Amino acid sequence: MGSRAGSQRRRSDSGGEETDTEPESPRWDDRTAHWRNAAGFWILGLCNNFSYVVMLSAAHDILSHQGSPGNQSHVDPGPVPSPYNSSSRFDCNSVSTAAVLLADILPTLVIKLLAPLGLHLLPYSPRVLISGVCSAGSFILVAFSGSVGISLCGVVLASISSGLGEVTFLSLTAIYPRAVISWWSSGTGGAGLLGALSYLGLTQAGLSPQNTLLSMLGIPALLLASYFLLLTTPESQDPGGGDEAETATRQPLLSSEAPESRPDSSWNLSFQEKWTVFKGLLCYIIPLVLVYFAEYFINQGLFELLFFRNTSLTHAQQYRWYQMLYQAGVFISRSSLRCCRIRFTWALALLQCLNMAVLLADIWLSFLPSIYLVFGVILYEGLLGGAAYVNTFHNIALETSDKHREFAMAAACISDTLG
């Protein structure tokens with residue numbers, strides 16, 4: 001009643017009707033900016049990791065040349081009626097799916113290692129454009145490839161897109177409210193789920209791997225639209241409780257000006273100060289490295305060996321289901337920050353290493369009788385990995401100063417790739 005009376009008094013004092021709505025306008029603008037940024041970072045996380053996830057989901061098909069014109073190397077010319085490799089219970093490709101993992105990881109690793117040294121000299125907008133172009137190129141190159149070598153070049157493009165985008169967008173979260181970290185993480189989890197599910201669903205429905213990849217060319221366009229059209233500029237809202245002067249110094253990050261030109265930028269820290277910050281991050285980086293080492297050892301080292309002949313699913317279909325269930329777990333846990341926050345991420349690393357040991361033992365001993373038990377373990381693996389990622393970056397955002405946060409977020413994103 002008091003605020004309503006106050007509004008009426010302001011309206012009667014001014015003699016006009018317009019002033020009644022003016023006090024509500026800033027709050028409405030703040031809410032609009034909040035949801036635009038939340039949606040923007042969720043979509044950026046989705047689009048940035050989409051091509052990377054699809055390439056891992058397509059790894060078995062890439063190496064067996066499924067859908068490649070003029071290549072029938074995956075067809076057994078002999079009289080054996082079984083579609084599987086009769087010489088081994090594992091039904092392996094001659095090249096492990098870990099080859100696709102290396103092509104998907106090494107370029108990202110190089111980008112993340114070099115990022116703290118000079119990537120900040122390139123403004124944000126050109127980085128996003130390069131990321132979008134590389135993502136589109138990866139889908140096209142792998143779709144029309146006639147050899148494993150050319151396909152792996154396409155995977156390298158997906159890696160460049162994902163690595164450059166992750167460094168760029170995680171740095172960008174430092175100048176927005178901390179809530180966008182949760183939205184970004186949820187989006188990256190959504191990329192895993194939707195990427196793996198779309199590849200599984202379209203190929204299961206009868207679409208060739210080639211056409212499936214070409215159908216995903218809208219993803220890079222959505223990434224560019226989200227960055228250039230959906231995100232608000234930092235001066236339109238308070239990036240985390242700072243004053244107006246601080247907001248103003250952060251504004252050039254979305255313009256053509258390089259971020260290092262700001263006098264208070266994280267990138268203007270001395271080498272000694274950067275090293276000190278990095279050493280303080282090791283308690284977060286090391287557990288996340290271990291989590292992702294165990295995950296990738298399972299996903300690209302063991303998945304194709306976890307082969308069950310007593311199901312209606314082909315080997316390629318089993319592999320796609322493993323990838324989809326893992327990504328479903330990642331999406332759920334990366335979206336769980338509002339419900340569950342974990343301070344000691346080293347516990348997640350221990351549990352993930354235990355998962356790795358159990359599945360590795362099953363490869364040797366074959367003691368898991370059903371593929372559905374493996375499905376459950378893989379879903380649990382994804383839950384641990386997603387929780388480690390989102391809680392690591394949330395803890396870093398909470399415990400680093402405004403001056404160091406932008407550098408810290410970019411430096412810590414090497415953890416998953418290094419693992």
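Two rings of Phe, Tyr or Trp, the last taken by its six-membered ring, count as a pair when their centres lie within 6.5 Å, and the pair is edge-to-face when the planes are over 60 degrees apart. By that rule this structure, which is a predicted model, holds 15 aromatic pairs.

Select phenylalanine 41 and tyrosine 176 to begin. Their ring centres are 5.3 Å apart and their planes stand at 70°, so this pair is edge-to-face.

Next, select tyrosine 322 and phenylalanine 375, an edge-to-face pair with 5.9 Å from centre to centre and 75° between the planes. Tyrosine 322 lies in helix 12 (residues 315–334) and phenylalanine 375 in helix 14 (residues 371–399), so that the pair links distant parts of the chain, 53 residues apart. Tyrosine 322 is buried, with a relative accessible area of 0%, and phenylalanine 375 is buried with 13%. Now widen the selection to Phe303, Tyr319, Trp321 and Tyr372, which ring pairs link with Tyr322 and Phe375 into a cluster.

Finally, turn to two arginines. Arginine 127 lies over the face of tyrosine 124, at 4.5 Å from the ring centre, and arginine 343 lies over the face of phenylalanine 344, at 5.9 Å from the ring centre.

Definitions and conventions:
Residues are numbered from 1 along each chain as its sequence is written. This is a predicted model: local features need pLDDT of at least 70, side-chain atom pairs count only at pLDDT 80 or more; totals for chains, interfaces and linings use all residues. Side-chain values use heavy atoms; hydrogens and water are left out. Rings of Phe, Tyr and Trp (its six-membered ring) pair if their centres lie within 6.5 Å; planes under 30 degrees apart count as stacked, over 60 as edge-to-face and the rest as tilted. Helices (H or I, at least four residues) and strands (E, at least two) are DSSP runs, numbered from the N terminus. Buried means under 20% relative accessible area, exposed over 50%, partly exposed in between (1.4 Å probe, protein chains only). A charge sits over a ring if NZ of Lys or CZ of Arg is within 6 Å of the ring centre and within 35 degrees of the ring normal.
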